[in-house]
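Welcome, and please open your viewer. We will go from stop to stop, with something to select at each one.

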Amino acid sequence: MPVDDVAAMAIALVEARRSGEAGDIPVGAVVVIDGTVVARAGNRRERDGDPTAHAEVLALRAAAAAQGTWRLDRATLVVTLEPCPMCAGALVGARVARVVFGAANTDNGACGSLYNLCVDPRLNHELVVTPGVRAAEAAALLEAFFATRRSR
């Protein structure tokens, strides 16, 4: 059975929980092509000591490896938090067809909240952006993670 946006977000939320439990900001991402999950990842910046190890970038890398090409023009990236400028740039660069996100990122979002890189006609590619899928759950994970951090 093909995976829809809600089901893909459920998988992304699992990845987000795992990254939060490992001490990283709880963000998870899934790449879906033709209704099939081809890659999934959670944030690993802390674990890997890598500032580019965002869930979106890691999932795109895995999807490109699985597909044998960097051009992911049939892909949908589903992520629990609105992508930042780096990740939105990676989505444009990979020619991803759609991005679906949960919680808005009013501090750093580049898919409509602060910037709008994914639909900027000055760039060589535009994506369809679908915000707010299971947003309350994604936001709750982030809020709980940061509340724990602040209480230390």
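**Stop 1**

Select leucine 91 to begin: apart from neighbours within four places in sequence, leucine 91 is in contact (heavy atoms within 4.5 Å) with Leu60, Leu77, Pro83, Val96, Val99, Cys118, His125 and Leu127. Before going further, note that this is a predicted model, where local features need pLDDT of at least 70, side-chain atom pairs count only at pLDDT 80 or more, and totals for chains, interfaces and linings use all residues. Residues are numbered from 1 along each chain as its sequence is written, and side-chain values use heavy atoms, with hydrogens and water left out.

Buried means under 20% relative accessible area, exposed means over 50%, and partly exposed lies in between, with a 1.4 Å probe and protein chains only.

In soluble globular proteins, nonpolar side chains tend to be buried together.

**Stop 1: H3 against H4**

Next, select residues 55–67 for helix H3 and residues 85–93 for helix H4. Two packed helices are described by the angle between their axes and the distance between the axes. For H3 and H4 the angle is about 25° and the axes are 9 Å apart, so H3 is roughly parallel to H4. Axes are lines fitted to C-alpha atoms, for helices over the stretch in contact, and angles run from 0 to 180 degrees between N-to-C directions. Angles under 35 degrees count as roughly parallel, over 145 as roughly antiparallel, 65 to 115 as roughly perpendicular and the rest as oblique.

Show side chains here: Glu56, Val57 and Leu60 of H3 meet Met86, Cys87, Ala90 and Leu91 of H4. By class, six residues of this contact are nonpolar, none is polar and one is charged. In this scheme Ala, Val, Leu, Ile, Met, Phe, Trp, Tyr, Cys and Pro count as nonpolar, Asp, Glu, Lys and Arg as charged, and the others, Gly among them, as polar.

**Stop 2: H1 against H5**

Move on to H1 and H5, which pack at an angle of about 5° with their axes 11 Å apart. That makes H1 roughly parallel to H5. Leu13, Ala16, Arg17 and Gly20 in H1 meet Glu137, Ala138, Leu141 and Phe145 in H5. This contact has five nonpolar residues, one polar and two charged.

Zoom in on leucine 13, in helix H1. Is leucine 13 buried or exposed? Its relative accessibility is 0%, so leucine 13 counts as buried. Neighbours within four places in sequence aside, leucine 13 is in contact with Thr80, Arg134, Glu137, Ala138 and Leu141.

**Stop 3: along strand E2**

Arginine 40 is in strand E2 and is partly exposed, with a relative accessible area of 39%. Leaving out neighbours within four places in sequence, arginine 40 is in contact with Ile11, Val14, Glu15, Arg18, Ala29 and Val30. Threonine 36, also placed in strand E2, is partly exposed at 44%.

**Stop 4: the loops**

Most residues other than glycine have a negative phi, and most peptide bonds are trans. Select aspartate 34, in the loop between E1 and E2: its phi is near 50°, a positive value in a residue other than glycine. With 58% relative accessibility, aspartate 34 counts as exposed. Then select arginine 95, in the loop between H4 and E4, where phi is near 65°, again positive.

Finish at aspartate 50, in the loop between helix H2 (45–48) and H3. Aspartate 50 touches Arg45 and Arg61, not counting residues up to four places away in sequence, and counts as partly exposed at 24% relative accessibility.

Terms used: Helices (H or I, at least four residues) and strands (E, at least two) are DSSP runs, numbered from the N terminus.
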